[in-house]
Amino acid sequence: MKFYIRILFFPVLIFTLGSFAPVTNGCVEYNGYYSCKIDKENFAIIRFYDDGTVIASTTNNDPQTILLWFKKEHQDMVLTGKCKFKKCHSSFTLKGDSGSQQFKVQAAMNAIDVEISDTHSHLAVHRTYLFVSE
């Protein structure tokens with residue numbers, strides 16, 4: 001009887017493990033977003049997806065409401081692009097209605113250091129974002 005239980009258990013275990021999306025690539029988290037306080041009322045936010053999609057925006061919303069709209073499905077409302085990490089470094093461009101920005105990222109799981117430069121004005125800013133889980 002124990003043999004039959006093992007035969008049934010392993011396919012169920014493999015299916016269960018394979019049905020969950022990864023929550024990290026070893027550099028960034030996928031089950032939330034990264035946030036940086038800009039000033040008293042505003043935050044810069046960035047989110048990574050396991051397919052390489054990246055979205056970014058600024059907001060003055062309460063952090064609890066950010067997850068309602070800050071999703072890949074709403075790419076028309078935010079800057080969007082694709083990225084790949086190599087040794088937890090990445091460079092990519094995000095584009096949207098407001099223009100485009102070049103991002104240079106150094107990731108460390110629960111925090112990312114980002115150098116952002118506007119592709120039109122060439123103005124740059126350095127920010128450190130902290131991870132906020134869903």
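Which residue takes a positive phi in the hairpin of S7 and S8? In this hairpin, which has five residues between the strands, the positive phi, near 65°, belongs to histidine 122. The structure is a predicted model, in which local features need pLDDT of at least 70 and side-chain atom pairs count only at pLDDT 80 or more, whereas totals for chains, interfaces and linings use all residues. Residues are numbered from 1 along each chain as its sequence is written, and side-chain values use heavy atoms, with hydrogens and water left out.

The protein chain contains two helices and eight strands, the elements being DSSP runs numbered from the N terminus (helices, H or I, at least four residues; strands, E, at least two). Along the sequence these elements follow the pattern α-β-β-β-α-β-β-β-β-β. Of the 134 residues in the protein chain, 34% are buried, where buried means under 20% relative accessible area, exposed over 50%, and partly exposed in between (1.4 Å probe, protein chains only). Among contacts with a separation of 6 or more, 33% link residues 24 or more positions apart, a contact being defined by heavy atoms within 4.5 Å.

S1 and S8 run antiparallel and are joined by four bridges, with serine 35 opposite leucine 130 in S8. S7 and S8 are likewise antiparallel and are joined by seven bridges, and here alanine 111 stands opposite leucine 130. Histidine 122, in the loop between S7 and S8, counts as exposed at 62% relative accessibility. A second residue other than glycine with a positive phi is lysine 87, at a value near 55°; lysine 87 lies in the loop between strand S4 (79–82) and S5 and is exposed, with a relative accessible area of 73%. Most residues other than glycine have a negative phi.

The largest nonpolar core comprises 23 residues, of which Tyr34, Ile46, Phe48, Phe92, Phe103, Ile112 and Tyr129 touch the most other members; such a core is a set of buried Ala, Val, Leu, Ile, Met, Phe, Trp, Tyr and Cys residues joined through side-chain atoms within 4.5 Å. At least two residues of this core come from each of strands S1 (32–37), S2 (43–48), S3 (53–59), S5 (89–96), S6 (99–107), S7 (111–118) and S8 (124–133). A second, separate core has eight residues, including Tyr33, Ile55, Ile66 and Val78. When neighbours within four places in sequence are left aside, the contacts of isoleucine 112 include Tyr34, Ile46, Phe48 and Tyr129. Isoleucine 45, in strand S2, is buried with a relative accessible area of 0%, and its C-alpha atom lies 5.4 Å from that of serine 57, 12 residues away in sequence. Beyond neighbours within four places, isoleucine 45 is in contact with residues that include Tyr33, Ile55, Ile66, Trp69 and Tyr129.

Two loop residues illustrate other surroundings. Asparagine 110, in the loop between S6 and S7, is exposed, with a relative accessible area of 54%, yet is in contact with Tyr34, Tyr129, Leu130 and Phe131 once neighbours within four places are left aside. The C-alpha atoms of asparagine 110 and cysteine 27 are separated by 8.7 Å, although the two residues are 83 residues apart along the chain. Isoleucine 38, in the loop between S1 and S2, is partly exposed at 38% relative accessibility; not counting residues up to four places away, isoleucine 38 touches Phe43, Ala44, Thr58 and Arg127. The C-alpha separation between isoleucine 38 and threonine 58 is 8.8 Å.

The largest pocket holds about 340 Å³ of space. On a 1 Å grid over the protein atoms alone, a pocket is an open set of points where a 1.4 Å probe fits, with protein on both sides within 12 Å along at least five of seven lines, and lining residues have an atom within 4 Å of a point. Of the 25 lining residues, Ser57, Thr58, Leu79, Ser98 and Gln101 are the closest to the centre of the pocket, and the elements S2, S3, S6, S7 and S8 each give two or more residues to the lining. By class, the lining has 13 nonpolar, eight polar and four charged residues, with Ala, Val, Leu, Ile, Met, Phe, Trp, Tyr, Cys and Pro counted as nonpolar, Asp, Glu, Lys and Arg as charged, and the others, Gly among them, as polar.

Notes. Grid points are joined across faces, edges and corners, and a volume is the space filled by probe spheres set on the points. Two strands pair if DSSP finds at least two bridges between them.
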